[in-house]
Structure formats: structure tokens, C-alpha cells
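Let's take a guided look at the structure below, one topic at a time. Keep it open beside you as you read.

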Amino acid sequence: MSPISRVRPGLLIAIAATLVLVCCGGGVVAFFLNASDDVSDQAGGCGSGAAINVDAKFPNVGSLGPDQMRNAAIIISVGQQLKVPPRGWVIAIATALQESRLRNLPNLGQNNDHDSVGLFQQRPSQGWGTIAQIMDPVYSSRKFYEKMLQVENWETRALTDVAQAVQRSAFPDAYAKHELFASLIVNTLAGGAARAVGNLTNLRCAAAGEIAASGWTVPAKGPIVSGFRTASRPTHQGVDIGVPKGTPVHAAAAGTVIRMRCNAIAPNGSDWGCDRDGSPQVLGCGWYVDILHPGAYVTRYCHMVSRPLVNVGDQVAPGQQIGWSGSTGHSSGPHLHFETHINGGETKDTAVDPIRFMQDMGAPLGAAP
Amino acid sequence: MRTVLRLLGTRYGIGLILAIVILGVVGIAKAFVGDRTTNIPIGPVVSPVSTAAAPDSSLGDDSVDDTATAVPGPSLSVNAPTADKVAARFMAAWLKHSGVTGEQWRTALKPNATTELLAKLKDTDPASVPADQVTGPIHLALQGSITQADVPVNGGTVHLRLVLVKGRWQVDGIDWDPS
């Protein structure tokens with residue numbers, strides 16, 4: 001470049017500027033927009049083996065202040081020392097969020113439950129330790145983990161069930177709503193560790209079929225054969241995961257089954273039924289299940305081959321099998337149609353791109369079968 | 001040939017050469033930039049989304065179609081109490097927590113609770129119930145085929161999840177938001 005620029009610097013700049021503006025200005029802008037989107041999704045990876053330094057200065061998450069962030073860091077630190085895998089850190093922080101909002105509460109008398117104190121509201125009268133011991137966040141975290149590790153199948157059960165088994169509270173479902181925020185705290189403090197495999201102490205990103213520490217997993221392992229609201233299918237409110245008929249379909253996270261039925265309507269308006277395959281002329285989702293998750297997220301699973309394994313009102317655990325894939329309803333061949341919704345909804349107004357959504361949850365779709 | 005070379009030596013010729021060089025540089029740069037966006041995994045590896053025409057690309061919306069059939073609603077047995085009555089009865093028993101043993105407390109909850117919920121409360125000390133009385137009207141919301149009941153109490157709000165079991169509403173979940 002240097003001999004040329006020595007000859008005609010002005011000309012070079014003029015031509016270069018013109019060309020950049022005319023031919024690829026849009027491309028450059030688009031590139032930077034896309035790049036920033038990607039980074040915001042995945043910055044920080046999936047944790048590392050490094051021990052957390054509880055005396056470090058942490059960024060605040062949400063409305064939490066420095067003391068609360070430090071308490072969260074202590075909970076993670078104790079978990080690391082006890083070799084508890086990252087799912088345990090998420091469960092412990094979610095529990096402390098419900099019990100104390102991550103504040104080391106002294107006995108508040110009338111305003112407190114009985115004689116409960118500290119981050120986890122543990123009770124001296126119930127054998128958790130002396131008041132002084134429980135008011136030490138390191139001690140109270142260790143006591144929480146010790147009890148949690150005794151809960152059968154704690155790694156794979158719904159967060160709120162594990163927390164309730166330890167806490168024995170009068171509100172067994174109260175811990176679930178903190179799962180996502182606890183995951184965000186763990187991701188912030190421990191380099192994305194809530195995206196790591198939940199039950200492994202050697203942190204690595206969760207692959208398809210594994211449950212991330214956040215409690216999310218892919219519903220089926222398979223390639224995305226049709227995307228969310230593509231140019232050719234602008235009204236496609238989910239993604240199609242290409243899987244053979246009879247592939248197990250899993251709940252993407254813990255939640256409540258709020259719908260389960262057959263939805264298949266023949267071209268003449270009569271009921272087509274789900275005891276046979278549908279076709280592109282048949283309307284509807286076929287055998288399907290809607291699951292309501294904490295945070296008012298809803299996931300939908302369509303075209304299953306036979307009556308799903310769960311009923312309305314059932315509580316499902318992360319990754320629990322809910323049925324088998326098929327081609328019932330509005331379908332030209334076996335696949336799992338998977339939708340993700342916000343605000344507790346089920347319509348086009350609440351549908352969000354499942355690729356992006358599941359990536360944020362630490363359970364990216366699209367891995368090969 | 002000589003003519004062409006001589007023309008290239010003029011300022012217009014140099015301009016033409018520069019234009020070709022710059023187009024080449026920009027083209028290569030664009031190709032390189034394009035590779036970067038698709039090939040460098042930053043975190044969990046996500047397979048690229050196929051936007052090519054899929055075998056079922058003519059399908060359009062294959063989600064739930066509610067236009068032709070009515071959604072079957074929850075079927076409540078005749079004479080079974082409504083969800084708000086069940087929620088109110090359950091709350092009265094849940095709040096009555098002083099001077100009772102765990103067994104007495106659970107026995108009072110039982111008629112309006114699922115067996116799953118009772119199992120989760122099996123070790124609960126009723127002394128840890130964080131409120132004493134309902135302080136306002138119960139708000140009901142239908143979510144699919146389940147009902148959410150928000151109950152204001154002193155100190156916060158209790159959120160009950162009610163499900164239909166054999167034609168009767170039963171409380172299956174308790175959530176607590178301190179105020």
C-alpha cells in the first residue's frame with residue numbers, strides 16, 4: 001500500500017471512502033450489530049476451575065448491593081470447597097434469595113419466622129447450630145450444602161423440591177421463581193458456570209442431552225430443520241427439530257403441565273384425531289404439551305406420536321421425558337415443533353425465538369442427534 | 001499493448017488501477033469478516049440455523065389451531081366447590097398455625113390439598129407459617145387448565161396453584177412473596 005499512497009494519497013482516500021460507503025456500508029454496520037448480539041449472549045463461557053475470591057469487587061446484579069453479592073460469592077466459594085457441582089450453587093443461592101434476599105438477617109422477632117436467622121433462615125431450635133454459628137455465612141452455607149447433598153437425586157429434581165426438602169418451609173413452591181436470577185448471579189460471579197453441566201465438578205458447557213446448572217436442557221437432540229419466523233414461513237412461531245418418529249421428548253426445565261391434548265382438525269373442519277399421522281392439510285399441533293415454568297415462561301412441544309406421558313397439573317423435573325416425537329396434526333413428516341413464550345402466554349404475541357431463548361438458558365438447540 | 005500501458009500511466013489509468021486494487025482489498029476483507037462471524041465459537045457451540053427451504057417449508061404455522069374447535073375447558077364435577085372457595089378454605093387452614101401440631105395442621109389442609117403437596121409439607125413445623133390472616137379479596141387467574149389464586153395476607157402475598165383432580169379443585173402449590 002505504501003508506494004501507492006505515496007503517489008496519490010488524496011485520491012486513494014477518496015476512492016476508498018466512496019467504495020466503503022457505497023458498496024458495503026450496510027454490511028459493516030450489520031456485522032458490528034450481529035457481533036455485539038453474539039457476545040452479549042455468551043460472554044463469559046461456562047465457568048472455570050478457578051476458586052472465587054470472596055474479597056473481590058463484584059458487579060451488582062439486578063437490585064442486589066455489594067453485601068448481597070458478597071454473600072452470594074461466599075455461597076459459591078463454600079460450594080467449591082465442598083466440591084459441590086454448579087447446580088448446587090444455583091439451588092443454594094435461589095434458596096437464600098427466598099429466605100433472606102441474600103442478607104445475613106439477625107433474629108427479627110415478630111417480623112421473622114420463629115427463631116430463624118441468617119442467609120438461609122436456619123433455626124437454632126431445630127439443631128442447625130448456635131445463633132453465632134448460623135450468623136456466619138460460611139457456616140450456614142456449609143450446613144445448607146450438607147443437607148442438600150443428602151436429598152435423593154438432588155442434581156436432577158426441580159430446584160424448589162430440593163430446596164424444600166432442606167428448608168421444610170410452609171411454602172414449598174417459593175424457591176422456583178428464583179432459579180433464573182440465581183443462575184444470572186452464578187453466571188456473573190463464576191464466569192458463566194450456570195451454563196455448565198449441572199452435576200459435574202469439572203466445569204464445561206452443557207451439550208445436548210445434558211442439564212445445565214441453570215436447570216435447562218434441550219427437549220430433543222436434533223438439527224433445526226426449520227427456523228423461527230423465516231422468510232418462507234413468517235408465521236412459524238417455533239422451531240422444528242428434525243428427529244425420527246419415536247424419539248424421546250424432554251421437558252426443557254422444571255414446571256407445571258398446563259395443557260395436554262390432541263389438536264388436529266381435518267380440512268372440512270371435523271376432528272382428524274391424533275391416532276394417525278397428520279398432513280400439511282390437517283390443522284393444529286397434534287398431540288401437544290404446554291409447560292409453565294418459573295418466571296412465566298411457557299414451552300410447547302407439538303406433533304407427538306402418541307398420548308403424552310404427563311397430564312395437566314403434573315409437576316415435571318428438568319429433562320423429564322414427556323412423550324415421543326411424531327407427526328400428528330399439521331405436519332409433513334416426523335419432527336418436534338418447539339415453542340418458547342414469555343409472559344405466561346401461548347400466542348404469536350408472546351412467542352420468542354427458541355434458538356436465542358435456549359442459548360440464554362444455557363441449553364443451546366441444534367446439536368446433531 | 002503499448003497504448004494500453006501508456007493509458008494506464010495517465011492519472012485516469014492510475015485511478016482505474018487503484019479502484020481495482022481497493023475493490024479487491026475490500027472484497028477479501030468482506031470474505032474474511034464473513035468467515036469470522038460463522039466460524040469462531042465464542043461460547044457454547046450452536047449449530048447454524050438453516051434458513052434454506054426445509055421439506056416442510058410450505059407448512060406455515062403448525063402450532064395450535066383454535067379456530068375450528070373449542071378448547072375443552074377444565075371439567076368441574078357438578079356440586080364441586082369453585083376454585084375461589086377451595087382457595088379460601090385452604091388458606092384458613094394454612095394460616096391457623098399457632099397451638100397446633102404438625103399433624104393437626106396437615107389434617108386440616110388435607111381436604112383441599114393434593115397428596116403431592118401434603119408430601120412436601122410432611123416435615124413442616126406450622127410455627128414457620130409467616131402470616132396470620134387474609135387481608136383482602138382472593139384474585140383468581142386461569143392459566144391453561146390450572147388456576148392461580150393470589151391471596152393477600154399480613155406480611156405479603158400467598159400464591160396458590162390449584163389443579164383439577166377427579167373433577168375437584170385442589171391446592172397443589174404454595175408460593176410466598178413477603179412484602
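A residue counts as buried when its relative accessible area is under 20%. By that cut-off, A:Y297 and A:F357 are both buried. Bear in mind as you go that this is a predicted model, and that the predictor gives the complex an ipTM of 0.81 and a pTM of 0.79.

**Aromatic pairs**

- Two numbers do the describing here: a pair of aromatic rings is characterised by how far apart the centres are and by the angle of the planes.
- How many aromatic pairs are there over all chains? The count comes to 6.
- One of them joins A:F171 and A:Y175, with centres 6.4 Å apart and planes at 50°, so this pair is called tilted. Both A:F171 and A:Y175 are buried.
- Now go back to A:Y297 and A:F357: their rings sit 5.2 Å centre to centre with 70° between the planes, which makes the pair edge-to-face, because an angle over 60 degrees gets that label.
- That pair also links distant parts of chain A, since A:Y297 belongs to strand β6 (residues 297–304) and A:F357 to helix α9 (residues 354–360), 60 residues apart.
- Ring pairs also tie A:F120, A:F144 and A:Y145 into a cluster.

**Charges over rings**

- Look for A:K147 over the face of A:W128, at 4.6 Å from the ring centre.
- A:R276 does this with A:W272, lying over the ring's face at 3.7 Å from the centre.

**Nonpolar cores**

- Here's the general idea: in soluble globular proteins, nonpolar side chains tend to be buried together.
- The largest nonpolar core in this model has 79 residues, and those with the most contacts inside it are A:I93, A:I185, B:W94 and B:L160.
- Pick A:I185 to see what that looks like: leaving out residues up to four places away in sequence, A:I185 touches A:V61, A:L64, A:M69, A:A72, A:I93, A:L97 and A:L102.
- There's a second, separate core of 36 residues, and its members include A:A251, A:I291, A:F338 and A:A363.

**Positive phi angles**

- Most residues other than glycine have a negative phi.
- A:K83 has a positive value, with phi near 60°. You'll find A:K83 in the loop between α3 (66–81) and α4 (86–100) of chain A.
- Is A:K83 buried or exposed? With a relative accessible area of 62%, A:K83 is exposed.
- A:R101 also has a positive phi, near 55°, and lies in the loop between α4 and α5 (131–134) of chain A. A:R101 is partly exposed, at 27% relative accessible area.

**A loop residue in chain B**

- B:A127 has its place in the loop between α5 (115–120) and β1 (139–143) of chain B, and counts as partly exposed at 23% relative accessibility.
- Which residues does B:A127 touch, not counting those up to four places away in sequence? They are A:H114 and B:H97, so one contact reaches over to chain A.
- B:A127 and B:T101 are 26 residues apart in sequence, with 9.0 Å between their C-alpha atoms.

**Confidence in chain B**

- Chain B averages a pLDDT of 77, and 63% of the residues score at least 70.
- Where is confidence lowest in chain B? Helix α2 (residues 11–39) has that place, at a mean of 52, while helix α4 (residues 102–109) is highest, at 98.
- Over residues 29–58 of chain B the pLDDT is below 50, and this stretch has 36 contacts in the model beyond near neighbours in sequence.

Notes: Residues are numbered from 1 along each chain as its sequence is written. Chains are lettered from A and ligands numbered from 1 in the order in which they are written. This is a predicted model: local features need pLDDT of at least 70, side-chain atom pairs count only at pLDDT 80 or more; totals for chains, interfaces and linings use all residues. Side-chain values use heavy atoms; hydrogens and water are left out. Rings of Phe, Tyr and Trp (its six-membered ring) pair if their centres lie within 6.5 Å; planes under 30 degrees apart count as stacked, over 60 as edge-to-face and the rest as tilted. Buried means under 20% relative accessible area, exposed over 50%, partly exposed in between (1.4 Å probe, protein chains only). Helices (H or I, at least four residues) and strands (E, at least two) are DSSP runs, numbered from the N terminus. A charge sits over a ring if NZ of Lys or CZ of Arg is within 6 Å of the ring centre and within 35 degrees of the ring normal. Contact means heavy atoms within 4.5 Å. pLDDT is the predictor's confidence in each residue, from 0 to 100. A nonpolar core is a set of buried Ala, Val, Leu, Ile, Met, Phe, Trp, Tyr and Cys residues joined through side-chain atoms within 4.5 Å.
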